[in-house]
Amino acid sequence: MPFLNRELGILAFNERVLYQSQDPSVPLLERLRFLAIVSSNLDEFFEVRVASLKRTLALHGPEADLAKEQLVQVGERAQALVAKQYEILNNEILPTLGKQGIEFFPSAKWTKPMRAWALQVFNEQIEPLLTPVALDGAHPFPRIYNKSLNFIVELSGVDSFGRAAQYGVIGAPRSLPRVLVVPQKAGSKKHGLILLTSIVRGFVDELFPGRVKSGAKNQTYQFRVTRDSELDLDDSNVTDLRDAIEDELSERNFGHPVRLEVSNDMPPEMTQFLVSQFNLTLADVYSVDGPVNLMRLQQVPDMVPLKSLKYQPFLPLNPAAFDKRDLFAAIRRKDVLVHHPYESFAPVMDFLRSAATDDRVVAIKQTIYRTGADSQLMEALVAAAKEGKEVTVVLELMARFDEQTNVDWADRLERVGAHVVYGVVGLKTHAKLAQVIRREGKVLRRYSHIGTGNYHPRTAKLYEDFGVFTANEAICDDVHEVFRRLTGAGRNKPLNHLWLAPTHLHANVVKAIKFEAAQALKAKPARIIAKMNSLLEEDVIEALYEASNAGVKIDLIVRGVCALRPGVKGMSENISVRSVVGRFLEHSRIFHFHAAGKDLVYIASCDWMDRNFFRRVEIACPILDPKIKKRVLDEGLLVYLKNELGVWSMDGNGKYSHLKSANAKAITPQQALAGKPI
């Protein structure tokens, strides 16, 4: 097989993330955070990828047979990954946290003062929000919200109405905190914590008075169901995309169940009861030794004031080109590169804030994919519209799990007079573009920002991305043309420099790869280096195989899933694949082709995947300035090839090896970019 499995590749990536939770060089509370990140990633994996495989099962023929086989493989790998998660939590992280005075107290370990405090919290803050349901003919099994925390309780006897329900169910409202800090007056010596699950379990007899078996243990058990969360939109029949999405969002959290997580002490008959309620199989059950949602532990580092157990604050640099200078004048002078998070996202914010307040700015155009519910950047666009400037926002309503946030921003922008459009039905607008049009003398001058990452001020502190500011007329003309295509209609003008999906970006990438192969066959220099999040598109992979066989040296830096098999004799022996997982999320996409000495370097919004090439609006932008081009090559590609510490190397079977270094002074690529330990 020339291609590796996508789903197994995603799980392999999460295994690399999980490794961070065991790495002693990572601060202890950050190790806990990495453990939680794996849980969050697995949630989306089941909501999207496993759900897709289960939908395929409903079909007949070879596709359904293949999906069935993949589900077995995925299930085995995911079960092993989850088991490893809880093993690390219980055997490594929790005991080590305990040595630092950070302890979780289950109800069995409560002292009298702690129990009194917990009872007060239960009575005043928790019990009023709970709705215990005893299951009988008048109270059927409740509709369980996607990924919500729930409890099932074994009952005995009859209630005051003579009803003899066997089970009761309690749903934990999403407004309740999942972790509480135990005050010292309640007997906590240092940093005591109690999970919501422990409090509900400790006082379940208050919810079903006289019905919980006297003296019996473990009668209350956690469970959590994960559902198919893909929106079901018929692109051919959508007349109002926003209305259609809002209708679908109301039902997203009640999609078909795909996974059931339960406490590992739950009796088999109770597990089988839940399995039947959700129309699942025992293969879909994940029995865990701890909280059913480790993602909730991600808040613990913020609750514990021990700086020594966390990453030290990282202060990004301000790009020198913008120091004490007029921002627009600096961009007019020359293109300016910003490399986040090593350089501040502030210039992007200043770019839009300045545009909002500058009397000479007449229009702002912006694409938005993910930006957050409390985005200062979006506030700047709102302010600009209020000032009477022409603000056009291409807002992607189908950004998975950010749909409601973007709908809310669309409403705010429209109320202040901004032009809000939703791109092209059937295509997600994933390109990262902003353009400011400014009246200077008798001319309108355009300034553009093109990036690899979302316009999201918070994630820009955590995600590694590039952005370039430019007043280059040819590039700005291309950006203007892309906006025209997104908001209007008519025949398309040829683009000067940008590669645009879905029209010609894929063809240009394949063409560039084949050019390198042709050069190598002529015994001329040829080279490809590319960095991305995922590599799956088969035509591109086949072209890379051909280039490898022609003698082209190819280095790929793929953070996540990679379907290409590197280092296989006669197919890909000149290709290497590396992955980097660290404090910052590697997110930039960069493509370098030797191109007969021209050294073409593109920064892009897209991975090399089918969806990016054919079902999204994406941009790849050439870096034209020689100095900036060298920076992108050095900081975006070569640093990952020169530094091996913290780097994973992939073999032809999809197995990753964590590279080591005998050099005691070796540093990771991220440390090299930061210029200091991080």
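**Helix 1 against helix 2, and the chain around them**

R6, E7, I10, L11, F13, N14, V17, L18 and Q20 of helix 1 touch R31, F34, L35, I37, V38, N41, L42, F45, R49 and L53 of helix 2. Sorted by type, the residues of this contact comprise 12 nonpolar, three polar and four charged. The model is predicted.

Now the geometry. Two packed helices are described by the angle between their axes and the distance between those axes. Helix 1 covers residues 6–20, and helix 2 covers residues 28–57. Their packing angle is about 170°, and their axes lie 8 Å apart. Angles over 145 degrees count as roughly antiparallel. Helix 1 and helix 2 are therefore roughly antiparallel to each other.

Step back to the chain that holds this pair. The chain contains 19 helices and 27 strands. Along its principal axes, the C-alpha trace spans about 85 × 65 × 55 Å.

How does the radius of gyration of the chain, with its 678 residues, fit that of a compact globule? A compact globule with 678 residues would have a radius of gyration near 26 Å. The chain has 27 Å, which agrees.

Take the contacts in the chain with a separation of 6 or more: 73% of them join residues 24 or more positions apart. Of the 678 residues, 57% count as buried; the cut-off for buried is under 20% relative accessible area.

Last, the surface. The accessible surface of the chain comes to about 29,700 Å². Carbon and sulfur atoms account for 51% of that surface.

Conventions: Residues are numbered from 1 along each chain as its sequence is written. This is a predicted model: local features need pLDDT of at least 70, side-chain atom pairs count only at pLDDT 80 or more; totals for chains, interfaces and linings use all residues. Side-chain values use heavy atoms; hydrogens and water are left out. Axes are lines fitted to C-alpha atoms, for helices over the stretch in contact, and angles run from 0 to 180 degrees between N-to-C directions. Helices (H or I, at least four residues) and strands (E, at least two) are DSSP runs, numbered from the N terminus. Angles under 35 degrees count as roughly parallel, over 145 as roughly antiparallel, 65 to 115 as roughly perpendicular and the rest as oblique. Contact means heavy atoms within 4.5 Å. Ala, Val, Leu, Ile, Met, Phe, Trp, Tyr, Cys and Pro count as nonpolar, Asp, Glu, Lys and Arg as charged, and the others, Gly among them, as polar. The radius of gyration is taken over C-alpha atoms; the globule rule is 2.2 Å times the number of residues to the power 0.38. Buried means under 20% relative accessible area, exposed over 50%, partly exposed in between (1.4 Å probe, protein chains only). Accessible areas come from the Shrake-Rupley method with a 1.4 Å probe; for residues, only the protein chains shown count as cover.
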